[in-house]
Amino acid sequence: MGTKNNVTEFVLFGLFQSRTFQHVCFVIFSIFHVLTVLGNLLVIITINASKTLQAPMYFFLSHLSFADVCYPSATTPKMIADTFVERKTISFNGCMTQLFSAHFFGGTEIFLLTAMAYDRYVAICRPLHYTTIMDRWKCGLLAGASWVAGFLHSTLQTLLTVQLPFCGPNEIDNFFCDVHPLLKLACADTYVVGLVVVANSGMISLVSFLILIISYVVILLNLRSRSSEGRRKALSTCGSHIITVLLVLVPPMFMYIRPSTTLAADKLVILFNIVMPPLLNPLIYTLRNNEVKNAMKKLFRVKGSLGEK
């Protein structure tokens, strides 16, 4: 007879125990979350409203921005609200939903970055065949495959966790429900499940990172034969992608490539991964891209002229 699951809710320790630090967190992460949502929505609106941003790169960027709105929204609002309460609790179903959502949008973000790297590879290494290879149907297929892959990754992660027996204790030393702290609370042998988590999350992060780094090395080698202006423009675009790749993929590799154990630094690492890339991506992709900046200026001019009328 299996062990009965008698846990109906989990207690989250949050980031800090100090009330002063919690109030500071409320202010900082409220501002960060609002800026993240507004910044990424501005990118999505600009791309969809502009006739000059129809290239595949911007199609993938709009999908990435949407994932960047959803990814922190799976955990950050709950973390912000918990700064006001002494006992931070989350229901069992809410915990599993949070786990699924975080890994769904986080995984999709990784797969979208891979699709964007492939787009840059084709654009720079096979420019004469670019429009044929990266037509609208194939771009839609790559974007759709990224969302499906993220869904499958998250479904496996959640199914592995939800079937585990939890009979107490129910305290999670984190600000949201993640797989490693939950495995630690399960009253069953989680060795095999931990290996699957490493294969599912850790290897996805590592393999994606290696593929992306190799693709950008190949791109940089191909740039040697380009003109100085062509190299400058390609390096600017690829530089934005490389910065995002490092921000998005290094923290998950630290978190999930190792066996199922929890470290003191885990909370800060995963917090950085959830908050910073979605916050910085709109800046990374707009400040280094004149086409996006000009499209935003044009959008604001149109809005301003409509407001005057």
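Student: What is the order of the strands in the open sheet?

Tutor: This is a predicted model, where local features need pLDDT of at least 70, side-chain atom pairs count only at pLDDT 80 or more, and totals for chains, interfaces and linings use all residues. Residues are numbered from 1 along each chain as its sequence is written, and side-chain values use heavy atoms, without hydrogens and water. Strands are DSSP runs (E, at least two residues; helices are H or I, at least four), numbered from the N terminus, and two of them pair if DSSP finds at least two bridges between them. The open sheet has three strands and mixed pairing, in the order 2-1-3.

Student: Why is one side of strand 2 and of strand 3 left without a neighbour in the sheet?

Tutor: Strand 1 (residues 9–12) and strand 2 pair in the antiparallel sense over four bridges. Strand 1 and strand 3 run parallel, joined by two bridges. Strands 2 and 3 (171–172) have no neighbour on one side because each stands at an edge, with a single partner strand.

Student: Which residue is the bridge partner of Val11 in strand 2, and which residue in strand 3 stands opposite Leu12?

Tutor: Strands of a sheet pair through backbone hydrogen bonds, either parallel or antiparallel. In strand 2, Val11 has as its bridge partner Thr89. In strand 3, the residue opposite Leu12 is Ile172.

Student: Which residues form the covered face of strand 2?

Tutor: In a regular strand the side chains alternate between the two faces of the sheet. The uncovered face of strand 2 (residues 88–91) has Thr89 and Ser91. The covered face has Lys88 and Ile90.

Student: Is Thr244 buried or exposed?

Tutor: Thr244 sits in helix 9 (residues 228–256). Buried means under 20% relative accessible area, exposed over 50%, and partly exposed in between (1.4 Å probe, protein chains only). Thr244 has 0% relative accessibility, so it counts as buried.

Student: How far apart in space are Thr244 and Tyr285, C-alpha to C-alpha?

Tutor: In sequence, Thr244 and Tyr285 are 41 residues apart. In space, the C-alpha to C-alpha separation is 9.2 Å.

Student: What is the relative accessible area of Lys51?

Tutor: Lys51 lies in the loop between helix 1 (19–49) and helix 2 (56–73). Lys51 counts as exposed because its relative accessible area is 81%.

Student: Where does Met203 lie?

Tutor: Met203 counts as partly exposed, at 36% relative accessibility. Met203 lies in helix 8 (residues 191–222).
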